[in-house]
Amino acid sequence: MISDARELIETIREKDPAAHSTLEIFFSYPGFHAVVIHRAAHWCWLQGWESFSRWVSHVGRFLTGIEIHPGAKIGRRVFIDHGMGVVIGETAEVGDDCTIYHGVTLGGTSLTKGAKRHPTLEEGVVVGAGAKVLGSFTVGAGAQIGSNAVVVKPVPAGAVVVGVPGRATCPKTAKKPGCEEKTAEEKPRESEFHAYGVSAGDRDPYAVSILELVRVVEAQSAEIRRLSGEVKALGGKAVDDVADFDRSKLWTSARNHKSEDGKASQ
């Protein structure tokens, strides 16, 4: 347990620039305390002391605001940053080097006792603040769950998931607009740690698809105007004027796909 604690302290110092010293982490980091208390509670759970282990985990919840069921399996160097409101269910499994932010739920959707009901996070997964991962599926190694995403199905390794319901920004199985192969300069950055599961340049696939539709509509409108002009020049009847598509109602920028004054939902 001492070795685990030392590893976790080093991990926290590496991932959190606000950590100034080992003593600060030891005395003031609820994520550190929660994992250490869980180690004790989980050991009691394995001995069959279920009621006592639940009491130990309840004490940890009272002290840290982080609820980890004693039956959950937590790997090495798991950093729960800030931590308030984190809930990790009984059959959840969190792999080595995962990072979990405040407000995260690793929950179950089944009421079957004794069955696997909660998700499994493979090593290196980052779960952003407020995200909900619900169900007995696997989140692949190195995946990143964006803040406030709701994930209800398996996530492939290395994917970045955003939205409600959660969707991978660049699926591995298909080429879509905005999911082109990354350059050699960009690839090394994929292995870096991304706080809150946010990576620079990631684009919501829905936003990319809508912007592609806007491009096609604008191209068709221009072609209709051209053909209408030719018909009119030949003495025929031109079609009614085609109104310009106001893409500002959707996104002001194809790169950051942020809505303008809430118009994106219209």
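Modeller: Rings of Phe, Tyr and Trp (its six-membered ring) pair if their centres lie within 6.5 Å; planes under 30 degrees apart count as stacked, over 60 as edge-to-face and the rest as tilted. The search of the whole structure finds 4 aromatic pairs. This is a predicted model, in which local features need pLDDT of at least 70 and side-chain atom pairs count only at pLDDT 80 or more, while totals for chains, interfaces and linings use all residues. Residues are numbered from 1 along each chain as its sequence is written, and side-chain values use heavy atoms, with hydrogens and water left out.

Colleague: Why is the pair of Phe 26 and Phe 27 edge-to-face?

Modeller: A pair of aromatic rings is described by the distance of the centres and the angle of the planes. For Phe 26 and Phe 27 the centres are 5.0 Å apart and the planes stand at 85°, so the pair is edge-to-face. Phe 26 also pairs with Phe 32, in a tilted arrangement with 5.9 Å centre to centre and 50° between the planes. Phe 26, Phe 27 and Phe 32 form one aromatic cluster.

Colleague: Is Phe 32 buried or exposed?

Modeller: Buried means under 20% relative accessible area, exposed over 50%, partly exposed in between (1.4 Å probe, protein chains only). Phe 32, at 4% relative accessibility, is therefore buried. Phe 26 is partly exposed at 42%, and Phe 27 is exposed at 58%.
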